[in-house]
Amino acid sequence: MAVEFRQLTIHFDPTRGRKQRESQTVTFGSTVQKAEAMLKGFRLRYNNGDHHVLEQEVDLDITRISGNAVTVAADFLLRDGSGNIDDPFSGFVQAVVVADTAANPQT
């Protein structure tokens, strides 16, 4: 068994009215036995001015492990003091995927 790391960045276009969820897949050098995603960094911003912030959310989930590929989904939300999600927000999430991989690379 070996431990491997992969970094990824998931971008979120300006959106309003809902929590955003986007996915990205990273590939490792051999079969993945187990994986976890860790938050490396993020940027949340309103696209239409200054707002009081009521809620921020960034959440990472491993949604699929298939052979040497791992898919990570990120939930992304920015809600202002009005309590509604009526202002456009955008940004990115950076993650590091740590995988326990088989000792022999796939051929």
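Me: Is E55 buried, partly exposed or exposed?
Reply: Keep in mind that this is a predicted model. E55 counts as partly exposed, at 29% relative accessibility.

Me: Which residue does E55 form a salt bridge with?
Reply: R79, with the closest N and O atoms 2.8 Å apart. E55 sits in strand β4 and R79 in strand β5, so the pair ties together parts that are 24 residues apart in sequence.

Me: How many salt bridges does the count come to?
Reply: Five. One of them joins D75 and R21, where the closest N and O atoms are 2.6 Å apart. D75 is in strand β5 and R21 in strand β2, so this pair links parts 54 residues apart in sequence.

Me: Which residues are linked with D75 in a network of salt bridges?
Reply: R21 and D61.

Me: And D75, buried or exposed?
Reply: Buried, at 10% relative accessibility, whereas R21 is partly exposed at 40%.

Me: Switching to the sheet: what's the strand order?
Reply: β2-β5-β4, an open sheet with antiparallel pairing. β2 and β4 stand at the edges with a single partner strand each, so one side of each has no neighbour in the sheet. β2 and β5 pair over eight bridges, and R21 has D75 as its bridge partner in β5.

Me: Last topic, the largest nonpolar core. How many residues does it have?
Reply: It has 22, and L8, F28, V70, F89 and V97 have the most contacts inside it. β5 gives the most to this core, with six residues.

Me: What does V97 touch?
Reply: Leaving out residues up to four places away in sequence, its contacts include L8, F28, I62 and V70.

Terms used: Residues are numbered from 1 along each chain as its sequence is written. This is a predicted model: local features need pLDDT of at least 70, side-chain atom pairs count only at pLDDT 80 or more; totals for chains, interfaces and linings use all residues. Side-chain values use heavy atoms; hydrogens and water are left out. Two strands pair if DSSP finds at least two bridges between them. Helices (H or I, at least four residues) and strands (E, at least two) are DSSP runs, numbered from the N terminus. A nonpolar core is a set of buried Ala, Val, Leu, Ile, Met, Phe, Trp, Tyr and Cys residues joined through side-chain atoms within 4.5 Å. Buried means under 20% relative accessible area, exposed over 50%, partly exposed in between (1.4 Å probe, protein chains only). Contact means heavy atoms within 4.5 Å. A salt bridge is a side-chain nitrogen of Lys or Arg within 4 Å of a carboxyl oxygen of Asp or Glu.
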